[in-house]
Amino acid sequence: MPRPVRFNIHPIEADTAGAVSVAEAPEGYTGEGFFTTKLSDVVGLARKNSLWPLPFATSCCGIEFMATMGSHYDLARFGSERVGFSPRQCDLLMVMGTIAKKMGPVLRQVYLQMAEPRWVIAVGACASSGGIFDTYSVLQGIDQIIPVDVYVPGCPPRPEAILDGIMNVQKLVGQESIRRRNSEQYQALMNSYGIQ
Ligand code: SF4
């Protein structure tokens with residue numbers, strides 16, 4: 001005799017009133033049937049709300065990222081649910097975990113394979129500074145080999161901190177000029193990492 005399966009016997013009605021928000025419009029002029037703004041702001045608005053992350057997870061911090069993707073924290077709320085493992089289709093490299101020096105060239109290659117514009121988050125103490133592993137074999141921060149836009153502190157950082165890091169990247173992306181990547185300063189930054 002199979003046991004009756006009972007679940008959700010007291011379903012709770014979700015309170016969705018006010019839970020759905022729309023992206024904030026950029027600064028501009030609005031009138032009867034029109035809205036004008038800067039092209040840079042529109043591109044920034046689209047980019048920041050559709051980041052495609054590439055998770056480069058090597059250890060414990062990656063587990064926190066899994067929680068960040070779960071239904072409770074839900075990265076999809078930020079338009080970033082399309083996590084991919086193809087560098088050419090992603091624009092946000094999330095490095096989570098201890099990066100051994102042997103792994104350095106691999107990480108750098110993944111970064112190089114991503115198309116511009118691309119952004120990088122160092123999640124956790126290990127990716128940011130080597131963390132507690134002050135040893136001969138561990139890279140003391142991924143910014144020794146690739147440029148980093150946002151650092152998320154913690155060992156490990158909680159999912160809220162990872163979300164905060166993503167929101168900070170969104171801020172950068174939304175405010176970035178579409179000409180920044182062609183600027184001399186950006187070229188100089190890339191050259192300092194030996195990237196053409
Ligand atoms: S920062 Fe801490 S939790 Fe994250 S990978 Fe390093 S040791 Fe693990």
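Helices α2 and α5 pack at an angle of about 80°, and their axes lie 9 Å apart. That angle makes α2 roughly perpendicular to α5, because angles from 65 to 115 degrees are counted that way. The model described here is a predicted one.

Where α2 and α5 touch, α2 supplies E64, F65, A67 and T68, and α5 supplies P159, I162 and L163. Sorted by class, this contact holds 5 nonpolar, 1 polar and 1 charged residues.

Helix α5, residues 159–175, also packs against helix α1, residues 39–48. In this pair the angle is about 155° and the axes are 7 Å apart. The two helices are therefore roughly antiparallel to each other, since the term applies to angles over 145 degrees. The crossing of α1 and α5 is right-handed. On the α1 side the residues are G44, L45, R47 and K48, and they meet Q170, V173, G174 and Q175 of α5. This contact divides into 2 nonpolar, 4 polar and 2 charged residues.

The table sets the two pairs side by side.

| Helix pair | Angle | Axis separation |
|---|---|---|
| α2 and α5 | about 80° | 9 Å |
| α1 and α5 | about 155° | 7 Å |

**E64 in helix α2**

E64 sits in helix α2. Is E64 buried or exposed? E64 counts as buried, because 23 C-beta neighbours lie inside 10 Å and the cut-off for a buried residue is 20 or more. Apart from neighbours within four places in sequence, E64 is in contact with P156, P157, R158, P159 and I162. Between E64 and I166 there are 102 residues of sequence separation, and their C-alpha atoms are 14 Å apart in space.

**The shell around the ligand**

Which residues are found around the ligand? They are S59, C60, C61, G97, T98, G124, A125, C126, G131, C155 and P156. Two elements give two or more residues each to this shell, namely α2 (60–69) and α4 (124–129). Helix α4 provides the largest share, with 3 residues. By class, the shell has 6 nonpolar residues, 5 polar residues and no charged ones.

P156 belongs to the residues around the ligand and is also one of the contacts of E64.

**Backbone features**

Most residues other than glycine have a negative phi, and most peptide bonds are trans. The following places depart from one or the other of these patterns.

The bond between C155 and P156 is a cis peptide bond, with omega about -5°. P156 is located in the loop between β6 (150–152) and α5. A cis peptide bond also runs from E116 to P117, where omega is near -5°. The loop that holds P117 lies between α3 (104–113) and β5 (119–123).

D74 is not a glycine, yet its phi is positive, at about 60°. This residue is in the loop between α2 and β4 (92–96). With 13 other C-beta atoms within 10 Å, D74 is partly exposed, because that class lies between the limit for exposed residues, 12 or fewer, and the limit for buried ones, 20 or more.

**F35 in strand β2**

F35 is placed in strand β2, residues 34–37. How many C-beta neighbours does F35 have inside 10 Å? The number is 11, so F35 counts as exposed. Leaving out residues up to four places away in sequence, F35 touches G28 and T30. F35 and Q144 are 109 residues apart along the chain, and 44 Å separates their C-alpha atoms.

**The protein as a whole**

The secondary structure consists of 6 helices and 6 strands. Read from the N terminus, the order of the elements is β-β-α-β-α-β-α-β-α-β-α-α. Along the principal axes, the C-alpha atoms fill a box of roughly 65 × 60 × 25 Å.

The protein has 196 residues, and buried residues make up 26% of them. Of the contacts between residues at least 6 apart in sequence, 77% join residues at least 24 apart.

Notes
Residues are numbered from 1 along each chain as its sequence is written. This is a predicted model: local features need pLDDT of at least 70, side-chain atom pairs count only at pLDDT 80 or more; totals for chains, interfaces and linings use all residues. A residue is near a molecule or strand if its C-beta atom, placed from the backbone, lies within 6 Å of it. Helices (H or I, at least four residues) and strands (E, at least two) are DSSP runs, numbered from the N terminus. Ala, Val, Leu, Ile, Met, Phe, Trp, Tyr, Cys and Pro count as nonpolar, Asp, Glu, Lys and Arg as charged, and the others, Gly among them, as polar. Axes are lines fitted to C-alpha atoms, for helices over the stretch in contact, and angles run from 0 to 180 degrees between N-to-C directions. Angles under 35 degrees count as roughly parallel, over 145 as roughly antiparallel, 65 to 115 as roughly perpendicular and the rest as oblique. A crossing is left-handed if the near helix is turned anticlockwise from the far one by less than a right angle, and right-handed if clockwise. Two residues are in contact if their C-beta atoms, placed from the backbone, lie within 7 Å.
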